[in-house]
Amino acid sequence: MCARLLERKGYWARAITSAREALAMLAQNGNVDLILADLQMPDMDGIQLLSTVKSKYPQIEFIMMTGYGTVKTAVEAMQLGAVHYIQKPLDHEELNLLIRRAIEKKQLEEKVDRLRAELQGKYSFENVIGKSAVMQAVHEKMAAACGNRATVLITGESGTGKELVARGIHYNTFKGVGGPAGHQPNSASSRPVGPTLRDGVGGPAGHQPNSASSRPVGPTLRDGDAPFVAVNCGALPKDLIESELFGYKKGAFTGAVADSEGLFSAAAGGTIFLDEIMEMPLELQVKLMRVLQERAIRHLGDTREIPIDVRVIAATNRPLQESLESGAVRKDLYYRLSVITIHIPPLRDHAEDVPLLVEHFLKKHQKNYNHVITTIEPDAVDALMKYPWPGNVRELENLLEMLLAYGKSSLVRRADLPERILEGGSPKKLGSLGNEVYTLKEAERQLIINALAKSKGNKSLAAQMLGISRKSLYKKLADYGINAE
C-alpha cells in the first residue's frame, strides 16, 4: 500500500517483505535515498535493520514506523540515525510530508558536500602557484603547518596572497572525512525494511542520489565544517576592536544592547585569521598575548574566562625587523605568533613563475568572460616577466582580467599590454623627485601625486604602483589632503 501511495506521489518505490531481503538488495545496489521500515518484523527487527544500514550505508535516510511505539524505542531509533519515527495507523499526508522532508534533507546534505569539496579544491595547495625554489619553500612550510595547530605568522607585501595561504592551511588541516574527528560509524547489527525507496525508491523522479557520500547524523560539527574567520585588524576602529574580537556583555558600553560572543568564539573549533596584525593597538596586543597563552577569552563587561579552541593565523605586510625595532609590535607577542613563520616573496623575486600564474588565472577567469585567450606572444611574456609587479600577484590577476574583458583576439601581443608594463613600471620611476630634498612626509605625498598622475586617477592602479592597499591609499589621501577626484 505504501509503495503504491509513494508512486502516485512521483517516487520510485519498491516494497520488500523482510529486513534480510532489503539488505540483500542493498548489497547489489546501495544507491537508495530512503528506507521506510516497520519496527516489528520476522528474523530481524527495525532497530537492528536501522543499525546495520547506518553502519554500511550512512547516506541512506531512514524512517521508522510502528504500531507498538514507546518513547524508549523512538529515542533509540533517533539515536541510531533515523530521521523520523511515525506511529500506525499511518496518516498518509503526514507520511508524505515526512518523506518529502527526509529527501530534501538528503539533497541539501549532498549539495553541502559538493560545495565543501569545491571550497577545499579552491584553497588547495595547488592554487598557491609556483615551481620556483622560493615558492617550493612556501609549500613546504604550509605542509608543516597542516600537520598541527601551531600558531602561524605569514609575512609578505600587499597582494602576494597571504590570505590564500592562510585558507590553504586551514582547509587542508580541517578536511571533512564524513564525520567528526574520532567519529566511528555505528557497527551494530541490523533492522527491518518496509517499503524501500531507492534512486527513485524514495527519491523524486529523475533524482540521482550520491551513493558515495558519507555523513554523520545530527547537527554535529565535522572537521570539514570548521569555521575560518578572517579579521582585518587595520579596518576595525580602535575603540571597537576589543569588543569585536572577544565579545561583550549587554550593557558593557553604550550601544551594547545584547550579548555578543565575538569573533574568537565565532571561530570556535576552527581558525581565526588576523590580517594586518601590526595595526593592532599595543594595549590590545597585551590581551591577545594572554589569549594565546591561556587559550581563554573574557567578554568585555564580564569577569569569567571562557576556554576557546581556536587556531590563530596572523599576517602582516610590514617588514618584521622594522616593526620590532620601532615598537609597533610587542616582542613577546611576536614570539607567540611566529611558532611557524611563512614569508611569501614578492612576485619580482620569482618572475620565473609568471607564465604559470598567467595560465592559472586565465583558466580561472575565462568562464566569466565571453572571450578566450589561447596564446600570449613570447615578447609579451618576456615583458610580463621583466615588470617588477609592485602590486604582486593581485596586480597580475587584475591585468589578465582586464585583457579578458577588453581583448578581441585569442592572441595577446606585446602591444596589447598597458604602457606601464612595457616601460617596466618601476615604482622608482614613479617616485623620481629630482634633486630636491624633501621630508619623508613630503616625499610620500609627492609619490602619491605622481602615482595618481601616472594612473590617470585610477586609485586601484595607483595603489598597486605604490605597493600599498587601496584602503591605505585612501587613508593617505585624507591624511595629506590630496584631492583625487
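A: Contact here means heavy atoms within 4.5 Å. In the protein chain, 76% of the contacts with a separation of 6 or more are between residues 24 or more positions apart.

Q: What should I know about the model and its numbering?
A: This is a predicted model, where local features need pLDDT of at least 70, side-chain atom pairs count only at pLDDT 80 or more, and totals for chains, interfaces and linings use all residues. Residues are numbered from 1 along each chain as its sequence is written, and side-chain values use heavy atoms, with hydrogens and water left out.

Q: How many helices and strands are in the protein chain?
A: The protein chain has 20 helices and 14 strands. These are DSSP runs numbered from the N terminus, with helices being H or I of at least four residues and strands E of at least two.

Q: And what share of the residues is buried?
A: Buried residues are 49% of the 485 in the protein chain. Buried means under 20% relative accessible area, exposed over 50%, and partly exposed in between (1.4 Å probe, protein chains only).

Q: Which residues touch the most other members in the largest nonpolar core?
A: Leu 245, Phe 264, Ile 272, Leu 274, Ile 277, Met 280 and Leu 288 do, out of 30 residues in that core. A nonpolar core is a set of buried Ala, Val, Leu, Ile, Met, Phe, Trp, Tyr and Cys residues joined through side-chain atoms within 4.5 Å. The largest share of this core, 5 residues, comes from α10.

Q: Which residues of α10 are buried, then?
A: They are Leu 284, Gln 285, Leu 288, Met 289, Val 291 and Leu 292. Seen down the axis of α10, they fall within an arc of 160° (taken from the directions from the helix axis to the C-beta atoms), so they line one face of the helix.

Q: What covers them?
A: The cover includes α8, α9 (263-266), β8, β9 (296-297), β11 and α12.

Q: What happens just after α10?
A: Arg 295 takes a positive phi of about 55° there.

Q: Changing topic: which residues lie nearest the centre of the second largest pocket?
A: Gly 161, Lys 162, Glu 163, Leu 164 and Arg 394 do, among 36 lining residues. On a 1 Å grid over the protein atoms alone, a pocket is an open set of points where a 1.4 Å probe fits, with protein on both sides within 12 Å along at least five of seven lines; lining residues have an atom within 4 Å of a point.

Q: Which helix gives the largest share of that lining?
A: α7 does, with 5 residues.
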